[in-house]
Amino acid sequence: MSVHDDLSSAQRSLDDLSRTVTRLEQQLGNGDLEVRRVRVDADHLRESVALLRAAVAPPDAPRRPDLVPIPDTPYDGSLWTDSDDEGLGSRDRRAP
């Protein structure tokens, strides 16, 4: 099973749990501390699974581009001919 299948299965189970807790609330009354605690816990689990689903990218989402390797060889010196040294200014001028 994929992660998405597992999350969908967990969501269905939590939906069933929520319906069952609703029936229990109707039978026992929702003023009871234990029933309220079960409702809060079930709602918290639903929120947690929703956050997990949002964090996991869908399977058809575009992937990040692959990393571009940077060679260890030195760059061509001509790239830096007219550049400024950070904090020092241009090569032909004095620093302030």
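Glu 25 is buried, with a relative accessible area of 19%; buried means under 20%, exposed over 50%, and partly exposed in between, using a 1.4 Å probe and protein chains only. Glu 25 forms a salt bridge with Arg 39, the closest N and O atoms being 3.3 Å apart. The pair links distant parts of the chain: Glu 25 is in helix α1 and Arg 39 in helix α2, 14 residues apart. A salt bridge here is a side-chain nitrogen of Lys or Arg within 4 Å of a carboxyl oxygen of Asp or Glu. Arg 39 is buried too, at 16% relative accessible area. Asp 43 joins Glu 25 and Arg 39 in a network of salt bridges.

This is a predicted model: local features need pLDDT of at least 70, side-chain atom pairs count only at pLDDT 80 or more, and totals for chains, interfaces and linings use all residues. Residues are numbered from 1 along each chain as its sequence is written, and side-chain values use heavy atoms, with hydrogens and water left out.

**The overall fold**

The chain has 2 helices and 0 strands. Both types are DSSP runs, numbered from the N terminus: helices are H or I with at least four residues, strands are E with at least two. Of the 96 residues, 11% count as buried. Among contacts with a separation of 6 or more, 56% come from residues 24 or more positions apart; contact means heavy atoms within 4.5 Å.

Helix α2 has 23 residues, which should span 33 Å at 1.5 Å a residue; its end C-alpha atoms are 33 Å apart, which agrees. The expected span is 1.5 Å times one less than the number of residues. Val 35, Arg 39, Ala 42 and Val 49 are buried in α2. The buried residues of α2 pack against α1.

**Where the helices meet**

Gln 11 sits in helix α1, residues 3-28. Gln 11 is buried, at 15% relative accessible area. It touches Arg 46, Val 49 and Arg 53, leaving aside residues up to four places away in sequence.

Ser 18 also lies in helix α1. Its relative accessibility is 14%, so Ser 18 counts as buried.

**Salt bridges**

The structure holds 5 salt bridges. The table lists some of them.

| Pair | N to O distance |
|---|---|
| Asp 15 and Arg 46 | 2.7 Å |
| Asp 16 and Arg 19 | 2.2 Å |
| Glu 25 and Arg 39 | 3.3 Å |

Asp 15 and Arg 46 meet through their side chains. Asp 15 lies in α1 and Arg 46 in α2, so the pair ties together parts that are 31 residues apart in sequence. Asp 15 is partly exposed at 23%, and Arg 46 is partly exposed at 30%. Arg 19 and Asp 16 are 3 residues apart in helix α1, so about one helical turn separates them.

**The surface**

The chain exposes about 8,500 Å², and carbon and sulfur atoms supply 55% of it. Ile 70, Tyr 75, Leu 79 and Trp 80 form a nonpolar surface patch with about 490 Å² of accessible area together. Accessible areas come from the Shrake-Rupley method with a 1.4 Å probe; for residues, only the protein chains shown count as cover. Patches are made of residues with over 30% relative accessible area and no salt bridge: like charges are joined within 9 Å, nonpolar side chains (Val, Leu, Ile, Met, Phe, Trp, Tyr) within 5 Å. Trp 80 is in the segment after α2 (33-55).
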